[in-house]
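Please keep the sequence and the model in view while reading.

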Amino acid sequence: MKIVITGGTGLLGRPLCKLLKRAGHEPVVVSRNAASARSKLGPGVEVVQWQPGQERLPVQALDGVDAVINLAGENIGAGRWTATRKAAILSSRVETTRGLVEAFRGFSTRPGILISGSAIGYYGPHGDEELTETAPPGTDFLARVCQAWEEEAYKANELGIRVVTLRTGIVLAREGGSLPRMALPFRWYLGGPLGSGKQWLSWVHRDDALEIIRFALEQPTLEGPINVTAPRPARQMEFAAALSQVMKRPSWLRIPAIILKAGLGEMADMLLTGQRVIPARLVAAGYRFRYANLVDALRDLLVR
């Protein structure tokens, strides 16, 4: 298949291009900065430049594609959530998704599927309740972002396009994302849980996240929201204990909530609250996780 990817240079996008190429597909990356994307992706990946919100997607370059994977969005963990940052987090997701769906209307042959990003932030903060894809949305900032993001994606249903939204948890990867930052204090013997440690952390190994995207491409009956999380979420204190076990470092220095809030502002809520998310629809569809166990996932990523 010829597959358009937005966010193709990110934590999931870059290895996804490699995975799709190995599977015989033809990835085409749409980027705000084509020159930068080409340098990161290397030869063999077509790159098209597009500024969402400022110009229309160049239909002539993408007409006739078989699938679109929309992973674009401002990094929510890149800094304090000022009013400007929050506006960028929202607009980078909504404008890109809206622009894609608007472009589909002008295609002579429309893609068969749109796989669009979302996040487990859709559900808002929760306690011990297990959350499947049927759980209602939350009301905090991230929940509102995810709802708006998904609403734009599902407009493609009106055009006869199958839509899958990826409600993704914390992606564990060696090269980036949250894991290197969470592991750093442990390397200096200063590791420990955040806040109370009782909050749930719904995680997924990056290899599984990538395979789930391919699984969604290849399963014609799979549509709607899917929780991209491992089937066994962990409490924050359990996650810290697993890091301690794998890295052979103590887990003793609890970081109080007040310190996190002072340093991170509203963004600290993302670390101090959590969701116990279960990938019910993936399990029902027959997806088999490579890394269902947290210790196994961390050992694969951190032990060399």
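**Sheet and helices of the model**

Strand 2, helix 2 (residues 34–41) and strand 3 form a right-handed β-α-β unit. A crossover is called right-handed if, with the strands pointing away from the viewer, the path from the first strand over the helix to the second runs clockwise. Helices (H or I, at least four residues) and strands (E, at least two) are DSSP runs, numbered from the N terminus. The model is predicted: local features need pLDDT of at least 70, side-chain atom pairs count only at pLDDT 80 or more, and totals for chains, interfaces and linings use all residues. Residues are numbered from 1 along each chain as its sequence is written, and side-chain values use heavy atoms, with hydrogens and water left out.

The two strands of this unit also pair with each other. Strand 2 (residues 26–31) and strand 3 (residues 46–49) run parallel and are joined by 4 bridges; two strands pair if DSSP finds at least two bridges between them. Val29 has Val47 in strand 3 as its bridge partner. Strand 2 is also joined to strand 1 (residues 2–6), again in parallel, by 5 bridges, and here Val4 stands opposite Val28 in strand 2.

These pairings belong to a wider arrangement. An open sheet is formed by 7 strands in the order 3-2-1-4-5-7-11, with parallel pairing. Strand 3 and strand 11 (224–228) are the edge strands, each pairing on one side only. From one strand to the next, the twist averages 20°.

Which strands does helix 4 (residues 83–104) lie across? Helix 4 lies across strand 1, strand 4 (67–70) and strand 5 (113–119), and runs at about 165° to strand 4. Helix 7 (residues 206–218) lies across strand 1, strand 4, strand 5, strand 7 (162–168) and strand 11, at about 145° to strand 5. Axes are lines fitted to C-alpha atoms, for helices over the stretch in contact, and angles run from 0 to 180 degrees between N-to-C directions.

Helix 4 also packs against helix 5 (residues 141–154) at an angle of about 10°, with the axes 8 Å apart. Helix 4 is therefore roughly parallel to helix 5 (angles under 35 degrees count as roughly parallel, over 145 as roughly antiparallel, 65 to 115 as roughly perpendicular and the rest as oblique).

With helix 6 (residues 179–187), the angle is about 85° and the axes lie 13 Å apart, so helix 6 and helix 12 are roughly perpendicular to each other. Leu179, Ala183 and Arg187 of helix 6 make this contact with Leu298, Leu301 and Leu302 of helix 12.

With helix 8 (residues 236–247), helix 12 packs at an angle of about 45°, the axes being 9 Å apart; helix 8 and helix 12 are therefore oblique to each other. In this contact, residues of helix 8 including Phe239 and Leu243 meet residues of helix 12 including Leu294 and Leu298.

How values were computed. Contact = heavy atoms within 4.5 Å.
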